[in-house]
Amino acid sequence: MWFWRGRAAARSGVWWTTGDFPAREGCRAEPLIDGHAAMLSMCMAFLSAKRSILLAAWDIRADLPMIRGEDLLLDTESARAERGLLARLQSAGLGEEALAYWKQGKLTVADVLGFAAARGVRVGVLLWDGYQAGMHLTNNPQEERKRLEAVGVEVLLDSSSRAITHLSQSLHQKCAVVDGQVAFVGGLDLTRHEGGDYDRWDTHAHACSSMERTTARSAPSHPWHDIHARLEGPIVGDVERNIVQRWNDVAARRRLATWPESAGVALPQTATGVSAQVVRTIPPKTYSFARRGVSTIYHAYLRAITSATHYVYLESQYLWMDVFAGLDNTLWAGRDRRMKRLLDTVASALDRGVNVALVLPDHPNCGREFSDAAVTYIRDQISPAARERFTVFALGNSEGEK
């Protein structure tokens with residue numbers, strides 16, 4: 001799930017898709033680049049929550065430290081003066097109790113959500129529970145549920161993929177809503193692999209050697225670049241509705257308690273807002289509210305790339321044309337016709353003079369061969385002149401933190 005924003009686009013209608021959530025006016029969107037910025041912002045929102053925290057996650061790790069290093073330093077005058085962290089926390093709504101808790105230095109996912117739950121905040125985590133759990137893709141959702149429930153968090157495992165038509169599908173949504181007023185959407189799960197690698201917390205430096213990304217079980221994990229966003233305004237109601245739709249659909253199957261949907265869609269427009277739209281992917285026959293599925297992310301990509309006149313900058317965790325079937329080998333895969341069309345659209349943009357830059361993981365937790373195959377496919381479709389306009393990057397830094 002993602003959102004698109006822009007003022008000019010709202011007038012021209014270039015970006016917006018139809019058939020799901022509409023474009024909303026007067027929204028505020030703050031980009032949070034990399035895990036350090038995203039988790040700091042989420043942690044502040046969670047600790048200042050008054051009524052509810054609702055998350056949807058593909059993967060989660062209860063013992064993941066959300067706050068690390070100098071961001072934990074509130075007990076020295078120099079730290080407060082130099083970084084302005086205390087003032088930032090106070091302006092975010094953290095009271096004395098939350099500030100005292102911050103100073104204790106225990107701010108894992110379970111700590112933060114448990115702190116909120118202990119203060120009477122209803123905290124819910126909708127966690128994906130596909131057949132790939134237990135492999136190298138995710139942590140064990142049943143174990144993470146136990147750890148979160150132990151601190152008062154409601155956890156609902158979404159096993160919607162456990163049908164013969166969905167065995168290889170995942171719903172990669174990573175989003176959260178706090179008090180129906182603030183939402184977080186993007187690519188960052190609050191997780192790392194059980195062995196310590198694939199840690200989503202990272203700084204802009206993406207240092208390959210960082211003590212903040214080292215655990216007792218592993219050496220420093222690979223650098224991890226991703227983007228999240230903090231949202232306010234009418235679009236928050238759409239993010240919340242997405243999670244509540246899924247939660248209540250799963251809960252109804254099991255005759256469990258549902259989650260009330262607030263009046264988030266009626267949130268007032270912000271004074272200096274932008275236009276934004278929630279787009280998402282839901283496979284067909286997954287939920288009763290979307291039996292035919294939803295594919296507005298796909299159509300938003302097609303519209304944007306087709307409309308490009310100067311350049312396309314695309315960051316993606318997975319740019320695959322071959323279907324991943326649980327093995328890191330394209331020989332076992334079939335080609336996805338929609339992804340082939342998307343890559344053909346990128347190739348067409350290049351051939352008509354558009355510059356295209358891709359940022360892909362150098363060390364994805366699966367599928368490097370799949371990413372390489374997609375890049376090779378694009379290059380094979382375009383002219384030699386177009387190849388000069390096609391660049392692919394990965395982010396990493398062999399130097400230590402300065």
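The model is predicted, so local features need pLDDT of at least 70 and side-chain atom pairs count only at pLDDT 80 or more, while totals for chains, interfaces and linings use all residues. Residues are numbered from 1 along each chain as its sequence is written, and side-chain values use heavy atoms, with hydrogens and water left out. In all, the structure holds 17 salt bridges (a side-chain nitrogen of Lys or Arg within 4 Å of a carboxyl oxygen of Asp or Glu).

**Salt bridges around Asp-199**

- Let's start with Arg-68 and Asp-199, which form a salt bridge with their closest N and O atoms 2.8 Å apart.
- Arg-68 sits in the loop between strand S3 (52-57) and helix H3 (77-83), and Asp-199 in the loop between strand S7 (182-186) and strand S8 (207-209), so this pair ties together parts 131 residues apart in sequence. Helices (H or I, at least four residues) and strands (E, at least two) are DSSP runs, numbered from the N terminus.
- Arg-68 and Asp-199 are both buried (under 20% relative accessible area, with exposed meaning over 50% and partly exposed in between; 1.4 Å probe, protein chains only).
- Asp-199 also meets the side chain of Arg-192 in a salt bridge, at 4.0 Å from N to O.
- Arg-192 counts as buried because its relative accessibility is 8%; for Asp-199 the value is 0%, so that residue counts as buried too.

**The Arg-119 pair**

- Arg-119 forms a salt bridge with Glu-97, and here the closest N and O atoms are 3.7 Å apart.
- This pair links distant parts of the chain, 22 residues apart: Arg-119 is in the loop between helix H6 (109-118) and strand S4 (122-128), and Glu-97 is in helix H5 (residues 96-103).
- Arg-119 counts as partly exposed because its relative accessibility is 38%.

**The S13-S14-S15 sheet**

- Three strands make an open sheet in the order S13-S14-S15, with parallel pairing (two strands pair if DSSP finds at least two bridges between them).
- At the edges are strand S13 (311-315) and strand S15 (390-393), each pairing on one side only.
- On average, neighbouring strands of this sheet are turned by 10° against each other, direction ignored; the axes are lines fitted to C-alpha atoms, and angles run from 0 to 180 degrees between N-to-C directions.
- Strand S14 (residues 355-359) pairs with S15 in the parallel sense over 4 bridges.
- Val-359 has Phe-393 in S15 as its bridge partner.
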